[in-house]
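Subject: Structure handover

Hello,

Here is the structure I promised to pass on. Please look it over first, then read my notes below.

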Amino acid sequence: MAERAFSAVIFDFGGVITSSPFEAFNRLEAERGLPQDFVRRVNATNPDDNAWARFERAEIGAAEFDALFAAEAKAQGHELTGADVLAVLAGTVRPAMVRALDQLKGAGYRIACITNNVPTGPQGLLGAGLARSEDRSDALEQIFARFEHVIESSKAGVRKPDPRIYLMMCEKLGLEPAACIYLDDLGVNCKPAAQLGMHAIKVTSGEQALADLSSRLGIALG
């Protein structure tokens, strides 16, 4: 048997295993009469040190995020609180992606997850990558349990696209980046993975992601 080119597949969670949070943002913007992609514009301003980035690194709590995001939104000309944004973030699971996780494991591939998320607060707030639950019967926890390793920004204190978080995963897996495939719905997060030597797949839909991954590995997924 020929030696495999890849040993592990590393997944983002929100926007890959679940539907994209940007779809939820757009629905919220339409409901509030805000410009399309307004939330993305706020989060793209000062992207390494704004409220969203600091919350995903667990440097601030939910109340401070709520106020800081509101101030950033106001500076962009519109009223929107951080709590409003967090309330719409629970994406729907893509069943075909979950099946693919099981198929990959069955085929002998190692699977892992790197997710930018936020700490679970008093209201059980969720981040784009979804905060982890302590309930092992929870449907999302059953998905997380499939991964050999999970790195969460809110626990690691570092978030994508910082190259360190990808190298942390490689260290956990004991693999070189070139032995890994990485899937993410954001190009800005795929770029450092590719620069490190991973094969990066930008996810625009579940169908496209599985088609590209199936082609790269030479197995049918989904």
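By the rule used here, the count comes to 11 salt bridges. A salt bridge is a side-chain nitrogen of Lys or Arg within 4 Å of a carboxyl oxygen of Asp or Glu. This is a predicted model, so local features need pLDDT of at least 70 and side-chain atom pairs count only at pLDDT 80 or more, while totals for chains, interfaces and linings use all residues. Residues are numbered from 1 along each chain as its sequence is written, and side-chain values use heavy atoms, with hydrogens and water left out.

Salt bridges

One of the salt bridges joins Glu56 and Arg159, at 2.8 Å from N to O. Glu56 is in helix H3, and Arg159 is in the loop between helix H8 (153-156) and helix H9 (163-173), so the pair ties together parts 103 residues apart in sequence. Helices are DSSP runs of H or I with at least four residues, numbered from the N terminus. Glu56 and Arg159 are both buried. Buried means under 20% relative accessible area, exposed over 50%, and partly exposed in between, with a 1.4 Å probe and protein chains only.

Asp162 and Arg164 also pair up, at 2.7 Å from N to O. Asp162 is partly exposed at 22% relative accessibility. Arg164 is exposed, at 53%. Elsewhere, shared partners link Asp49, Arg54, Arg57 and Glu59 into one network of salt bridges. Within it, the side chains of Arg57 and Asp49 meet at 3.8 Å, N to O. Arg57 counts as buried, with 17% relative accessibility. Asp49 is partly exposed at 44%.

Ser154

Ser154 sits in helix H8. Its relative accessibility is 15%, so Ser154 counts as buried. The Ser154 side chain makes a polar contact with the side chain of Asn117, at 2.8 Å. A polar contact is a pair of N or O atoms within 3.5 Å; within protein, one must be able to donate a hydrogen and the other to accept it, and residues adjacent in sequence count only if both atoms are side-chain atoms. Beyond its neighbours within four places in sequence, Ser154 touches Glu56, Arg57, Ala58, Asn117, Val118 and Pro119. Contact here means heavy atoms within 4.5 Å.

Helix H1

Helix H1 covers residues 21-32, 12 residues in total. From first C-alpha to last it reaches 17 Å, close to the 16 Å expected at 1.5 Å a residue. That expected span is 1.5 Å times one less than the number of residues. Pro21, Phe22, Ala24, Phe25, Leu28 and Glu29 are buried in H1. They lie on the same side of H1, because they cover an arc of only 155 degrees around the axis. The arc is taken from the directions from the helix axis to the C-beta atoms. On the other side of H1, Arg27, Ala30 and Glu31 are exposed. The cover over the buried residues includes helix H2 (38-44), helix H3 (51-56) and helix H5 (82-86).

Ser20 caps the N-terminal end of H1, with a side-chain oxygen 3.1 Å from the backbone nitrogen of Phe22. Just after H1, Gly33 takes a positive phi of about 70 degrees.

Cysteines

The structure holds zero disulfides. A disulfide is a pair of cysteine sulfur atoms within 2.5 Å. For Cys113, the nearest cysteine sulfur is that of Cys190, 14 Å away. Cys113 is buried, at 0% relative accessibility. For Cys180, the nearest cysteine sulfur is that of Cys170, 4.5 Å away. Cys180 is buried too, at 0%.

Best regards

How values were computed. Helices (H or I, at least four residues) and strands (E, at least two) are DSSP runs, numbered from the N terminus.
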